[in-house]
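I opened this notebook to record what I looked up in the structure. The entries follow in the order in which I made them.

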Amino acid sequence: MHRRERAKKGEEEARAEKKNPDSSHSEISLFLSLTLSIRLGSMASQTDESGREALVQPSPAVPQCSQKPEVTKRIPMARPGFGTDGRRIQLLTNHFSVRFSGNDAVFYQYSVSIKSEDNRVVEGKGLGRKVIDKLHQYYSSELAGKEFVYDGEKTLFTLGPLPQNNFEFKVILEESSARSAGGSPGNGSPTDGDRKRFRRSQLSREFKVGISYAAKIPLKSITLALKGSESEQTQEALRVLDIILRQQQAKSINHSNAEVASLFDNLSLMESIQNFVDVGGGVTGCRGFHSSFHPTLGGLSLNMDVSTTMILTPGPVVDFLLANQNVKDPRQIDWIKAKRMLKNMRIKTRHRNMEFKIIGISELPCHQQTYVLNNVYSYVIGVASFCLAFCLDAYDSSTFDYASACSFPLKVKNGGGEGQTVEVTVFDYFKSRKIDLSWSANMPCLDVGKPKRPNYVPLELCYLVSLQRYTKALTSQQRASLVEKSRQKPQERIRVITDAVRNNRYDDDPLLSSCGIKIEKQLLRLDGRVLLPPTLIVGNKEDCMPRNGRWNFNNKVRNLISLSHNFFFENGPYPSTYLLQRLWAPTKIERWAIVNFSARCDMSHLSRELINCGRNKGIHIERPFTLIDEDRQWLRSGPVVRVEKMFEKIKAQLQDPLSPWKKKNLHEVGIVTQCISPTRINDQYLTNVLLKINSKLGGMNSLLAIEHTRGLPIVDQTPTMILGMDVSHGSPGRSDVPSIAAVVGSRQWPLISRYRASVRSQSPKVEMIDSLFKPQANGKDDGIIRELLVDFYKTSGARKPSQIIIFRDGVSESQFNQVLNIELNQIIQAFKHLGENSLPKFTVIVAQKNHHTKLFQADAPENVPPGTVVDSKIVHPRNFDFYMCAQAGMIGTSRPTHYHVLLDEIGFSVDNLQKFVHSLSYVYQRSTTAISVVAPICYAHLAAQQMSQFVKFEDITETSSGQGDASSLSGQPAVPDLPKLHENVCSSMFFC
């Protein structure tokens, strides 16, 4: 796996943690419904009919399935130049210059296979590293004393060749865990016979290791990459150097190399206990370092950054479950959730200190759980409870099966030699072994056996193994806690990173020295530029100048005039003077309701404050139609039941056929909703809520001045459409949850502040969007792009886009060619399918947020100012990329967004493109701050996140099991389609 692909894997986990919030907590839902005369869909249809009903849809050409479309292979464009606009600023970055003189060095790559005695392939990284370390220790002479690096999987590298191309070794590894011994947790103190049976397996295991030559990796490819000629071998060479870094870092830590390397990929562990932070729910953040080499415009550099990996908090399993489910009593544990959470976790048993992997939990509690085991003949000695209950008089340990000794019917021999079967529960068995169980008799047991051969252990005997990676998605509370506890101020981060480079002593590593690599010990200095913020237009066409990336709608008295727009809702007359907090185009809300799932909320107070705050912002809000509290009898029910019961109550009071929540409102009824969960209600909080409400109902909170005056370079002169694209994946390890692809498209050209979303489901964990162009059997196109193109045409005065600017999120460098040659080709096909012969010009930009480059001011302790842009030294030596920090970093250390311009047929100048990207960070309607990445990408993320809630795991299971033969060509279950949005809301910004 390439270095860039590993980075991609990390991006998918972080995005998966961000995009699967826990939706089961109590919320208050504000139903913002409209009368028929002002409903969004109704107004949209009026808009379409007022002068735009003449849109003629070209008859679709039936695609010729037998003919393969001509595909033009595209590669990322070269850098056309450098930006010059903006105020100059001196910066530092967490890159360290590397002097590289090993052009002639060649690494040899060897494939590694490790098999146990029973010929099973060893897959665990930790065990594999132990075997390879032992091999290097005992067979150094056979390997000509070569130093080598091992990636923990199936590859090792040496500098120069080994004496021969193929080797086979036998490695004896001392091991005492249950995974190697194959033992059972069922015996607290083995007899002499037990020790004889397990002595060899507890003391040693034999492995067969095969090493075979695979390829040469010359480091000269790095020199060529620094000159702009990157190849596949460049990535392999950088990968080898990164593995050497991790190996050297592991040696400098007071942990075993195998433990650390199996826990972290591009991370090394900090030694101090202070770097373990509890994020709640039985999860601990383990702070370490990310390190990797990068070819840059300024030469080879080492990128070093502080990073955090999630691990399970070691300790009793029951403590983890209590913390994870936020309950105080084990009797309150939801065992269905516990089963999903515990699967594949590793535990040690208290009574034998042996390690196992959990495969499930028992269906019955400990004092009832039994299972059938045939042909077991045992004699039990010295166990009073068994002698009394079953008249057993002898115990032969040589025939006792430890792997199944937790719970079973025993077939015993009486004095006459006859066999009979008796059932023994888990609880009775452990009691017979003089292992006291104080509280787990009524709890399920953990199954640490195999699917067809369960092996049960009482819960109170089980402890989670330390340094065990937590791969599930974090809850919103855990993410907030992680951010709070792991953030560092710029100066603190600089100190920690600099100390790490010095303490790791990379120059002492023989392999790095042999490669001619010397690493500087100081942060790299470079020049940056600070772009001026764009001017905004708010209420009364008043200019608003953001300061430090922020603006607000507070504390200014102005006359409020009646605003109207051909798409917005008509606002009636207002009193002449208001404490106007200046929304550009406020809406009017006549019919709405508050639905309360929280017993602590004063709905009357909330509604009064919301109406007053809205009046000050120019939003006319009538009194709520009704206030509806949840019946207390349903408080302890599941979330689905609570929603169903609430809607029955709503239906009775409103006499309107509403159905369950966001899905039903957006899919069937066509009503937008706003859910809130306030801890404190004040003007700022209500203002933020109203910003979302106003946007959802067709209003606009602010506008770029250059939009209003049509002063956008290039974009305002030619009909231009802006697309934001993102894909949301299920939680890590959940391969049964479809991925959700979302694309937002701008509308009402020449505006660049209003968007519509189109969302589709696709196969799990697939990053490339496959439904941009989706021809049907009847010749029609049901793809995303057609939907957005038609909407642009309708809302832009019957104009077709001559230019399309695409912002793509969530892809790694190894996938850039797929964006250019798969996704872009689909967009072109969708355009042609509409009967267009002349194609628009395209500009394709990828935004990367999950990287490890940080920027610091060289002469000040604060974060870099908003608008900071860097396109020198640390950027790619050939490709067109730049770093931009548009947001104001108030806490922690700011992270810039890394933009890669893959294609620019439109022909932006470097300065105009960077200013355009910067401006798009100021059109995000949900907030009054510049955001870290362009608004279209944020909107696509929000749309994918909200629509992903439409497809619950239960729905997927029912669909997959009920369709029978409905499957894809690959044999995988068919992916369920997302419900279509109601026509009243499909063109709204429902995702705000």
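I first listed the buried residues of helix α19, which are Leu686, Thr687, Val689, Leu690, Leu691, Ile693, Asn694, Ser695 and Lys696. Buried means under 20% relative accessible area, with a 1.4 Å probe and protein chains only. Helices are DSSP runs of H or I with at least four residues, strands are E runs of at least two, and both are numbered from the N terminus.

I noted that this is a predicted model, in which local features need pLDDT of at least 70, side-chain atom pairs count only at pLDDT 80 or more, and totals for chains, interfaces and linings use all residues. Residues are numbered from 1 along each chain as its sequence is written, and side-chain values use heavy atoms, with hydrogens and water left out.

I then checked the length of α19 (residues 683-696): at 1.5 Å a residue its 14 residues should span 20 Å, and the end C-alpha atoms are 20 Å apart, which agrees. The expected span is 1.5 Å times one less than the number of residues.

At the N-terminal end of α19, I found Asn682 as the cap, with a side-chain oxygen 3.3 Å from the backbone nitrogen of Gln684. Just after α19, Gly698 takes a positive phi of about 100 degrees.

How values were computed
Buried < 20%, exposed > 50% of the residue type's maximum accessible area, 1.4 Å probe, protein only. Polar contact = N/O pair within 3.5 Å; in protein donor to acceptor, adjacent residues only side chain to side chain.
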